[in-house]
Amino acid sequence: MENDAALLYCPNEVCQAPNPLTHKFCQQCRTPLTKRYLWVEKEGLSMTQPGAILAERYLVIDKSIVLDTQPRLLPEMPGAQNLQAIRAYLRLIPHRIHIPQVYGILPLSDGQSQKDKILLEKPPIVINDTEQTVKLCPELTTAWRDATSIRQINWLWQIAHLWRSLLEEGVASSLLDPHLLRVEGSLVRLLELHSDAAKAPNLPQLGEFWQQLLPQARPAVAEFINQISNYLIQEEIRSSEQLIAVLDSGLAELGRSQPSTIKIFTKTDTGRTRQRNEDACYPPSDTLVSKPPQQTALAIVCDGIGGHEGGNVASNLAIETIQQQVQQKELTKIPADHIDPLQLIDDLEKAVATANDKISQRNDGENRQGRQRMGTTLVMGLPIAHEMYITHVGDSRAYWITRHNCYQVTLDDDVASREVRLGYAVYREAVQQGGAGSLIQALGMNPSVSLHPTSQRFILDEDAVFLLTSDGLSDFDRVEEYWETEILPILTGERDVAAVAPKLIEIANEKNGHDNVTIALVHCQVKYAEPGSSLTAVIPERFNNNTGVISAGVPETILDGAHQKTKVIKENKSAGIGRLPLNLIAPFLFIVGAGFLGFWIQRSRSPLAVNQPTIIPSPTPQQPTPPQPTSVEQAPVERSLGNLAPDWVIKTTKDTQFYNDKNQPLLLLTNNTLLQVIKTEKDPQKPQELLVHLQRCANIKSATADQKPIILAKSQLETHKVAVLQADEQNSCQKSSEPTNKQPTRKT
């Protein structure tokens, strides 16, 4: 029960007037009042009565839910010594639609026996404004019996996508706890994360958990789920990728029983302070597309970078190129039963790479350097059958709006998100730092080998609206403030997308007004009917049933690498853009060597001074080992860490933090960092250990002498996912690029 005397303060920093809890808008400035309910992690506040106010701002709703009555103020943050305790939450920020993120800490007075508590934002709760009640979303096991066949498989599909990421962070047991596993409409959401025991859970345990759902499974999928559970228990399915592929086949079959209608409307506006509109969209602004009768449904929003130097050229070139690529490959016309999700994602990312290279080549042809280079962000949505595919680069965003909530499904490719993804800071603290909004990648700034678009897909089993937008609207949480009053009416049938778009542009101009603004509204309507026949689970032929590994021809990036210490890239593999696994929906990072001039992007924003990671100091030089002959020419053997030799190149395949013997962080190597082996030698203090001297790649043929070598133990490399490049791949060794200094006015 809420305290009737408690007041809710306006989030508008100019106003901040107190308001009764029952008000939806500030009584002074009419700003929507933010009711930010928070989950108190672990055992909650068992000794505190509802209605109490803690730390002069948190109203206790029950023992585990509080309301922040002053949402404009930055909450107290965990100290550096406590970051390890919340590391899993931070590193799993790409999955924040499923996993609540750390909001801050709740400091408790010395008079209470409880310790300070971690506060989690956006927990799976249901808010009834009419009855003034707040309760948890139902457990999956409780909601299961009332779900349709396609939703039951959709829930399992989401769990399968989360499995590998949570396993790597040591919290996969959270997916086996019915109390933690909640559902909000079609979305699986976790209440909080629990650390795994000494022995991590395995897929057979997941199969046993799913077997408990069989008695109330829908007839069309009961045998399908039973077969999958048995495959897991008997270890015929040995990776989460195998599991996802089997579930995909079931969803494709069920998708035949769910016809869909798509409506897309776009709109772009120069805004009130800009002289030129550097944004672009597809379909062209003020165009309404309906599928059917039209066969094509594709939405793109680009936010150009470069000011008068060509941001509008870059955004329009990206739109034109991607639209042509999608049309040529007929990606919008794939029948539901012929969708290959991995191939489709690969095609979308290749289209993005083509656009990137065209803009980059134009920059090079016009001899544009540094801040003169033009570029663009990108977010696009492709609805096909029962799925929505979202691909993005930069800080243009995609939001998924259902009758239940509004979810930001993309994670900005900026410095703030990078700091959180690496476990260095809570997001609400990271965005307060100087340069937090500076981009770490955008289209057109570098060749595609350095570009890593993020691709995701979502199963549609209920009506939804996807909003694609540039930061002209998304800054200052305007979407979160206005989705319920402006976008939700689309789903209730009160308004259509063509009527809502102008209102969103108006909000962007009135409430923000600092930038161009472009939006695309994608309204997806589905109508599901239970199929008359039951499904059969079949493991796709591309998997080897004995190992659970994908057969030749399927990119290695989708392998389940939770227990794979070293990945060796085979001969004739492309060193270009790799397909991003869906469970690594995170911004990829780029760090430069000393003296490297990055391509900085400026749109009337302050420059950023990025802190470089600490490099392990070079120890006292030892007697150098005589140079070894390179195996490229004299010993044509498979390259691996087992036969590491000078001049070879290795590549990190994830963000990797190295620690010393005292578990203190020494060196951070980000994903796709290229390192050249200078020499190897025995460790004088540990004769059984081999030390590897490495150099960040500037030129594959010769390492520059002015950079200090990085010295790591070979055992350290073996415990991380490190790829050894083969001879034909060494030409891909290039420097990474610095963060792009596109620094939007802050988003919170």
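Leaving aside neighbours within four places in sequence, with which residues is Lys-329 in contact? The first legend below gives the answer.

The model is predicted, so local features need pLDDT of at least 70 and side-chain atom pairs count only at pLDDT 80 or more, whereas totals for chains, interfaces and linings use all residues. Residues are numbered from 1 along each chain as its sequence is written, and side-chain values use heavy atoms, with hydrogens and water left out.

View 1. Apart from neighbours within four places in sequence, Lys-329 is in contact with Asp-347 and Lys-350, contact being defined as heavy atoms within 4.5 Å. The C-alpha atom of Lys-329 is separated by 9.8 Å from that of Ala-351, a residue 22 residues apart along the chain. Lys-329 has 35% relative accessibility and counts as partly exposed. Buried means under 20% relative accessible area, exposed means over 50%, and partly exposed lies in between (1.4 Å probe, protein chains only). Helices (H or I, at least four residues) and strands (E, at least two) are DSSP runs, numbered from the N terminus.

**View 2. The protein chain as a whole.** The protein chain holds 15 helices and 33 strands. Of its 748 residues, buried residues make up 60%. Among contacts in the chain with a separation of 6 or more, residues 24 or more positions apart account for 70%. The accessible surface comes to about 30400 Å², and carbon and sulfur atoms account for 48% of this surface. Accessible areas come from the Shrake-Rupley method with a 1.4 Å probe; for residues, only the protein chains shown count as cover.

**View 3. The contact of helix H5 (residues 219-233) with helix H6 (residues 240-255).** The axes of H5 and H6 come within 11 Å and cross at roughly 170 degrees. H5 and H6 are therefore roughly antiparallel to each other. Val-221, Phe-224, Ile-228 and Leu-232 in H5 meet residues of H6, including Leu-243, Val-246, Gly-250 and Leu-254. Axes are lines fitted to C-alpha atoms, for helices over the stretch in contact, and angles run from 0 to 180 degrees between N-to-C directions. Angles under 35 degrees count as roughly parallel, over 145 as roughly antiparallel, 65 to 115 as roughly perpendicular and the rest as oblique.

**View 4. An open sheet of six strands in the order S15-S13-S23-S22-S19-S20.** The pairing in this sheet is antiparallel. Strand S15 (288-291) and strand S20 (406-408) stand at the edges with a single partner strand each, so one side of each is left without a neighbour in the sheet. From one strand to the next, the twist averages 15 degrees. Strand S13 (residues 260-269) pairs with strand S23 (residues 517-526) over ten bridges, and the bridge partner of Ile-262 in S23 is Cys-524. Helix H12 (residues 478-492) packs on the sheet, touching strand S19 (397-401), S20, strand S22 (464-469) and S23. The direction of H12 makes about 135 degrees with that of S22. Helix H13 (residues 497-512) also packs on the sheet, touching S13, S15, S22 and S23, and its direction makes about 145 degrees with that of S23. Two strands pair if DSSP finds at least two bridges between them.

**View 5. An open sheet of six strands in the order S4-S5-S6-S3-S8-S7.** Here the pairing is antiparallel. Strand S4 (53-54) and strand S7 (101-106) stand at the edges, each with a single partner strand, so one side of each lacks a neighbour in the sheet. Strand S3 (residues 36-40) and strand S8 (residues 117-121) run antiparallel and are joined by three bridges. Leu-38 stands opposite Glu-121 in S8.

**View 6. Two cis peptide bonds.** The peptide bond from Tyr-282 to Pro-283 is cis, with omega near -5 degrees. Pro-283 lies in the loop between strand S14 (279-282) and S15. The peptide bond from Lys-291 to Pro-292 is cis, with omega near -10 degrees, and Pro-292 is found in the loop between S15 and strand S16 (299-305).
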